[in-house]
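Hi there,

Here is the structure I promised to pass on. Have a look at it first, and then read on for what I found.

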Amino acid sequence: MEEKYDIIVAGAGLSGSLAAAVAAKSGLNVLLLDRNKPEVVGKKTNWGWVCGDAVANDHLKFIHEKLGLSFGSPELDYKVEGVVAISPNMQHKYRFDGEGYTLDRPKFEAKLLQMAIKNGAHYVPEFEVESPIIENNFVTGIFGKDSEKRHKEYKAKITIDALGIATSIRRKLPQNPYVDRDVDINDVESTGRYIYHFDLERDDINYYDPKNALIHLNQNISPGGYGWVFPKSNNRVNIGIGVQKRSLDMRNQKLGTKDTLHTLMDEYVRSIPVLKNLKLDPQDNNGKGYWSVAVRRQLESLVFNGYMGAGDSMAMPNPISAGGIGPALVAGILAGEGAVGAIQDGDVSINGLWRYNVAFNESYGKKTAGLEVFRVYLQSLNNDLINYGMKMFLTADEANDLSYGRVPELKLATKFKLILQGAQNITAFSNLIYVVKKMKELNELYERYPKSTDGFVEWRRKVEETVHEAKSRFPPNPL
Ligand SMILES: Cc1cc2nc3c(=O)[nH]c(=O)nc-3n(C[C@H](O)[C@H](O)[C@H](O)COP(=O)(O)OP(=O)(O)OC[C@H]3O[C@@H](n4cnc5c(N)ncnc54)[C@H](O)[C@@H]3O)c2cc1C
């Protein structure tokens, strides 16, 4: 049996529900599919809605501007003033200002779904998407199993892949030079988090800050990643770590240990001495979970013939912070707009869909793509070098600039001279200068993102060459 739509959106998470809301608003015939039951929409895995749930207010404003949808209590669970990153020895901090929220994720997802349905999307829950349907090198729909485990096919002019990092669509696309089917394991963080009720034993904003989302850099406890303590309402906290598998293996080998993500998560929780009487939050059965986040630049092309991707399916999270909520929201909206435009113009080939590549790059992608190189550099520094670097190399303002892909050249050169005089950690510092140069090259390349498929393959070759060079220079070195 087969049904036909203008647009299929696969996955009713953040990016999917927004793409469906935008596309359906234009009057097109939109199908929104997801494996979850409606009452647990957006649940990523059996573990729940596994996430730190921190999002900057700017991204919520973007949704409001585009869809007129505003947020408040209860889906915005707790307001924070910014993010504070703390060095391994706890002595140096970078503050990243900017209001944001920790979300009540189940309620937030439910609100986005309601918007999609209200705008006219046809929502089919409990549907497992197994594969794209490919005809003449075009994605012409998907097949999978419905709630009764019956095989079912849906056809559409465009399929939007919003299935998250484990997507069963992108991985089964025909081989093509535009959208990668696989993501390198070294570009993925294994992550886990708890949501706990707690009592605060004493005030110490290095460990729990009611006004800020805290990030702890520590290559011993979270090799190749970081730990976080994000405040939530009613004496609750979202606490977790991310690790790079390769860094974890190296660390274990050096220490002769067999630590895993799970043991390190518990070690991290124990290392936060101010949180006492921890009890898992039973709400929505969402207290503990594990999942993965890609921390590379977003896939170079987000479109193929009849196919678009948004959010984690396209490796969109920020390479340094792993923040993927913002880009998933932005991409969901832009993918919806791009799909509508392509259908109106009668061209759903990669050429007709390319406008979305350009729009995402302008709105978001070009700002963060260069950060992949910075992430690789960070993963090559041990705790001593991170401590030293946060003290000597970068001021908080410069770190803030870098996190937006802006490059503070002159001040770096001055500091290079200072460090030369002290003759300490010259290599790590000259490596930072190299990284800044590579980031600048990537920024420039992304400023020249191809306006059409013409020249894309050559542009992509240059991007890959630049990233590859940095990766060869900086193997992970956690201890
Ligand atoms: C532990 C952890 C902490 C994080 N912390 C933060 C943070 O604090 N801030 C931040 O900005 N980002 C964070 N992220 C990243 C963020 O969670 C993701 O970037 C975001 O959820 C991406 O949204 P999405 O809509 O692309 O995909 P998802 O949220 O993964 O949604 C995909 C949807 O598709 C459904 N689905 C998947 N496969 C199928 C299938 N085969 N058939 C049918 N349905 C399917 C899923 O059930 C789900 O509903 C974190 C991630 C993790 C794992």
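Let's start with Leu113, which sits in helix 3, spanning residues 105–118. Please keep in mind that this is a predicted model. Is Leu113 buried or exposed? It has 26 C-beta neighbours inside 10 Å, and 20 or more make a residue buried, so Leu113 counts as buried. Not counting residues up to four places away in sequence, Leu113 touches Ala12, Ser17, Val41 and Tyr123.

Now zoom out to the whole chain. The protein contains 13 helices and 17 strands. Its radius of gyration is 22 Å, close to the 23 Å that the globule rule gives for 479 residues, so the protein is as compact as a globular protein of that length. Along the principal axes, the C-alpha atoms fill a box of roughly 70 × 55 × 45 Å. Of the 479 residues, 49% count as buried. If you look at contacts with a separation of 6 or more, 74% of them are made by residues 24 or more positions apart.

What about the inside? In soluble globular proteins, nonpolar side chains tend to be buried together. Here, the largest nonpolar core has 131 residues, and Ile7, Ile8, Val9, Val30, Ile160 and Met308 have the most contacts inside it. Helix 6 supplies the largest share of this core, with 12 residues. A second, separate core has seven residues, including Ile221, Leu248, Leu264 and Tyr268.

Finally, the ligand. How many residues surround the ligand? There are 39, and the closest are Gly13, Gly52, Gly164, Gly311 and Gly324. Among the elements that give two or more residues to this shell are helix 1 (14–25), strand 7 (128–135), strand 10 (188–200) and helix 6 (325–345). By type, the shell divides into 16 nonpolar, 15 polar and eight charged residues. Where does the ligand lie relative to domain 1 and domain 2? Both domain 1 (2–53 + 104–182 + 297–368) and domain 2 (185–293) give residues to the shell, so the ligand lies between them.

Enjoy exploring, and write back with any questions!

Best wishes

How values were computed:
Residues numbered from 1 in each chain as written. Predicted model: local features only at pLDDT ≥ 70, side-chain atom pairs only at ≥ 80, totals over all residues. Near = placed C-beta within 6 Å. Helix = DSSP H or I, 4+ residues; strand = E, 2+ residues; numbered from the N terminus. Nonpolar A, V, L, I, M, F, W, Y, C, P; charged D, E, K, R; others polar. Domains from an automatic or database assignment. Rg over C-alpha atoms; globule rule 2.2 N^0.38 Å. Buried ≥ 20, exposed ≤ 12 C-beta atoms within 10 Å, placed from the backbone. Contact = placed C-beta atoms within 7 Å. Core = buried A, V, L, I, M, F, W, Y, C linked by C-beta atoms within 7 Å.
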